Amino acid sequence: MKKFLATFLAVALVAVACCVFASAEDTNLALNKSYTTIGIYTEEGAAAPSYPDEDGKTLTDGVKAPAETGFGDAVWVGFNKNDAAMKENGEVAVITVNLGAASSVSKFAAEFFEDSASGIGVPSKVEFFYSADGENWTSAGEGVKSGEGSVGEYTLTLDNAVNATFVKAEMTCGSGTWIFVSEFEAFGTAGTGTTDESETESETESEAASSAAPAESSAAATSSTNSSTPSTSDAGIFAVVVLAVVAVIGAAVVVKKRA
């Protein structure tokens, strides 16, 4: 019985520790981080984009599209190949996120909307990159498309995590004129320290030739859901400490009784 108790406490401690570390690795490092873009489209003569990035936060706010959605939902940001900067970039839209500190990144993901009748297509290719300084980039690889219906994702899971302070998604325009994105995520383990965002050049949006925007959806925009995985490291560490204390006390009791 004494051996069983000691073994049980040790196993419980290891199990909780594994859960804590797994949770840390699953943290969305891009959540609420600042970013720059290329390709968000503003029609000629318009004061604002047709499908805007609300307050420069939509693409990393953790809010992804609900199962039933239309392109009129504010969760979507509209990139268009007729945007001047996107034209100059070979019809490739870009989202560049500053993670704030050197971090270990093991997975990338970006969510898209498709409505071919409205000229909204999924990218023909989504390639993810990482960088230590925001200037010199290394390709992590191309994402794999998944999902059914109008909402889908491009994801890339790495065999070996990479060290990055900046991450980037390059989205090549496919058959449609528009690319609609709701969220760009990078998962892994956060580093410490901060970066000076003033050191990175902001990629500015330019107005382009007029292009027919998709007609506004007649259906009311549905409420969106927050799907980001919150960091549970603090609570998990506390749990490990508590179990460690219990394990020590249990072991002490067993030793005392044997004595």
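**Note on the predicted model: strands, cores and rings**

1. Tyrosine 51 counts as buried, at 6% relative accessibility. Buried here means under 20% relative accessible area, exposed over 50%, and partly exposed in between, with a 1.4 Å probe and protein chains only. This is a predicted model, in which local features need pLDDT of at least 70, side-chain atom pairs count only at pLDDT 80 or more, and totals for chains, interfaces and linings use all residues. Residues are numbered from 1 along each chain as its sequence is written, and side-chain values use heavy atoms, with hydrogens and water left out.

2. Overall make-up. The chain holds three helices and 11 strands. Helices (H or I, at least four residues) and strands (E, at least two) are DSSP runs, numbered from the N terminus. Along the sequence the pattern reads α-β-β-β-β-α-β-β-β-β-β-β-β-α. Of the 259 residues, 40% are buried. Among contacts (heavy atoms within 4.5 Å) with a separation of 6 or more, 82% come from residues 24 or more positions apart. The chain exposes about 13,300 Å², and carbon and sulfur atoms supply 55% of that. Accessible areas come from the Shrake-Rupley method with a 1.4 Å probe; for residues, only the protein chains shown count as cover.

3. Strand β5. Which strands pair with β5? β2 does, antiparallel, over four bridges. β9 (residues 151-172) does, antiparallel, over 17 bridges. β10 (residues 178-189) also runs antiparallel to β5, joined by nine bridges. Two strands pair if DSSP finds at least two bridges between them. 17 of the 22 residues of β5 are buried, so β5 is largely enclosed by the rest of the structure.

4. Isoleucine 38 has valine 94 in β5 as its bridge partner. Tyrosine 35 stands opposite valine 97 in β5. Valine 92 stands opposite threonine 172 in β9. Serine 104 stands opposite threonine 189 in β10.

5. Faces of β2. In a regular strand the side chains alternate between the two faces of the sheet. Tyr35 and Thr37 point one way from β2, and Thr36 and Ile38 point the other way. All of these are buried.

6. Nonpolar cores. A nonpolar core is a set of buried Ala, Val, Leu, Ile, Met, Phe, Trp, Tyr and Cys residues joined through side-chain atoms within 4.5 Å. The largest has 37 residues, and Phe79, Ile95, Val105, Phe108, Phe112, Val167 and Phe184 have the most contacts inside it. β2, β4 (77-80), α2, β5, β6 (125-131), β9 and β10 each supply at least two residues of this core. β5 gives the most, with 10 residues. A second, separate core has 11 residues, including Tyr41, Phe113, Ile120 and Val151.

7. Phenylalanine 108. Neighbours within four places in sequence aside, phenylalanine 108 is in contact with several residues, among them Phe128, Phe129, Tyr154, Leu158, Val167 and Phe184.

8. Aromatic pairs. The whole structure has 11 of them. Tyrosine 51 and tryptophan 178 are edge-to-face, with 5.3 Å centre to centre and 90 degrees between the planes. This pair links distant parts of the chain: tyrosine 51 is in the loop between β2 and β3, tryptophan 178 is in strand β10, and they are 127 residues apart. Tyrosine 51 and phenylalanine 180 have ring centres 5.0 Å apart and planes at 50 degrees, so this pair is tilted. Rings of Phe, Tyr and Trp (its six-membered ring) pair if their centres lie within 6.5 Å; planes under 30 degrees apart count as stacked, over 60 as edge-to-face and the rest as tilted. Phenylalanine 180 is buried, at 0% relative accessibility. Ring pairs link Tyr41, Tyr51, Phe71, Trp76, Phe113, Trp178 and Phe180 into a cluster.

9. Charges over rings. The charged end of lysine 107 sits over the ring of phenylalanine 187, 5.7 Å from its centre. The charged end of lysine 168 sits over the ring of tryptophan 137, 4.4 Å from its centre. The criterion is NZ of Lys or CZ of Arg within 6 Å of the ring centre and within 35 degrees of the ring normal.

10. Loops. Asparagine 32 is not a glycine, yet has a positive phi of about 65 degrees. Asparagine 32 lies in the loop between β1 (27-28) and β2 (35-38), and is exposed at 57% relative accessible area. Is threonine 60 buried or exposed? Threonine 60 is buried, at 2%. Threonine 60 lies in the loop between β2 and β3 (63-64), and Asn32 is one of the residues it touches.
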